[in-house]
Amino acid sequence: MIHAIENDILRQISAEKAFEHIENIVKFGVRTAGSAAAQKTEAYFAKTCESYGLHAIVEDFTEKCYEPIQTKLTVTSPFSKEIECTAMMFGGITKAEGTEGELIFVGRGREEDFQGKDVKGKIVLFERNPDFSTDSFYSEVNLASKNGAIGAIMANYQPWPFNGTLESGLFKGEDRLLPIDPLIPAGCISSESGQFLKNALEKNALTVNLFVDAISGDRLTSNVRCLIPGTAFPNERIIICGHLDTEGNLGANDNASGLSIMLELARVLSEHPSKRTIELLAIGCEEVSSMGSLDYCRRHAADLKEIVCVLNIDMVGVGGDLHIITEGRWPDRLIPTPDWLYLFVKATAKELNYKVKFDICPLGTSDEGRFNDAGVPAVFFWKPGDEHYHSSLDVPEYVDPNNLKVVAEIAGLAAYRLANR
Ligand SMILES: [Zn+2]
């Protein structure tokens, strides 16, 4: 049964107001961790919470970051043509004149694809596997480098460049960036550009020039905590979180959608304090290895036991069924969510007459993974159906504002009830 005060909360959540936050946030630009746009987003989150009379705490940490500045791929011989290309995150940075070499196609870029091919001094072109979706192209680019290639290009299976990364894709924080020696520049292109280059290679040898400029190295980034103090047990808290950084794109869905829901819940729940504290936590540096939530868990090791649970919201503004994730699968770890928590969220959704699905996440975990690993029950709200994930097409036009309200209602009611239990 939904109480009058709960009904009040649900009614006040505004899809329009949440969507306005997304429009405001994308105006800051591409907010890769450590960038000026990420800093502006941190300040926006804190200021908006403060405008509701809440206290915001900024917790800085240093992390290895990679901010692409400019990437160019040009066919230089036997004809001249520029090809749309984005930087592979954590790839090499070229000199001003770029890295130039003969282009060679190496299929999927697996060990067997390199056999019998002389890629030494050349730039390899490989295709992303549509049957095995991963963000990490460490293995392909590492193999290219080991075999003597001087650059690598990944062609997407979709008609836009996918922003890949050379992070290992492993859960263990220390293994986030495995060595590639020498580190070569790498770019990402669309399926159409990939097909064009393959066709051209069948007729002639091609020379291409890859230019990558980026800021790479340790940078300061932050988690921003906004607290709605509990009236009876202020030390105990329920966290609603979402990451604020993006993977080389505007991230209207990934994850301004999560930020917008937190800000809308900050506005509404600040008017309805509960027995326990509700913390709205904007996390820096989630892409791809959740280093921001790892910093939070390490910094707060002594008070993690005061956290009742974490509701993590990441990519819920675009299409498809709303999933409640029961387990994240990393290549090196399986991380389950405790049964009681996902069942509680599902029961809350059911009471609101919303349909949600349970599923595992084959890509690993979002920020909930670090909390579960640290023994704090955490669950992940996710819509897996965004085809524009990690591309320049993750823009507000594709976000349905009403999706934001649905997730804000489920997460808000679940948090409110847990905070008053
Ligand atoms: Zn995300």
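Start by selecting Glu63 and Arg176: the two form a salt bridge, with their closest N and O atoms 2.9 Å apart. Keep in mind that the model is predicted.

**The two domains**

Now colour the chain by domain. Domain 1 takes in residues 4-65 and 218-420, and domain 2 takes in residues 70-214. The C-alpha centres of the two domains are 33 Å apart.

Show the residues at the boundary. On the domain 1 side 30 residues are in contact with domain 2, where 21 residues take part. Together domain 1 and domain 2 bury about 2,000 Å² between them, and carbon and sulfur atoms supply 56% of that area. To see where domain 1 loses the most area to domain 2, select Glu247, Val288 and Asp332; these residues together account for 21% of what the domain 1 side buries. Across this interface there are 2 salt bridges.

His243 belongs to strand E9 (residues 233-243), while Asp254 sits in the loop between E9 and helix H7 (256-269), and the two are 11 residues apart.

His243 is buried, at 0% relative accessibility. Asp254 is also buried, with a relative accessible area of 2%.

**A salt-bridge network**

Select Glu59, Arg225, Arg237, Glu279, Asp295, Arg299 and Asp303, which are linked in a network of salt bridges. Within this selection, zoom in on Arg299 and Glu59, whose closest N and O atoms are 3.8 Å apart. Arg299 is in helix H8 (residues 291-299) and Glu59 is in strand E1 (residues 55-77), so this pair ties together parts 240 residues apart in sequence.

Move to Arg417 and Glu351. Their side chains meet in a salt bridge, 2.8 Å from N to O. Arg417 lies in helix H11 (residues 401-420) and Glu351 in helix H9 (residues 339-351), so the bridge ties together parts that are 66 residues apart in sequence. Arg417 counts as buried, at 16% relative accessibility, and Glu351 as partly exposed, at 31%.

Finish with Arg110 and Glu112, whose side chains form a salt bridge at 3.7 Å, N to O. Here Arg110 is partly exposed, with a relative accessible area of 40%, and Glu112 is partly exposed at 48%.

To place these pairs in the whole model, display every salt bridge: the count comes to 24.

Methods
Residues numbered from 1 in each chain as written. Predicted model: local features only at pLDDT ≥ 70, side-chain atom pairs only at ≥ 80, totals over all residues. Heavy atoms only, no water. Helix = DSSP H or I, 4+ residues; strand = E, 2+ residues; numbered from the N terminus. Buried < 20%, exposed > 50% of the residue type's maximum accessible area, 1.4 Å probe, protein only. Domains from an automatic or database assignment. Contact = heavy atoms within 4.5 Å. Buried area = accessible area lost by both parts, 1.4 Å probe. Salt bridge = Lys/Arg side-chain N within 4 Å of Asp/Glu carboxyl O.
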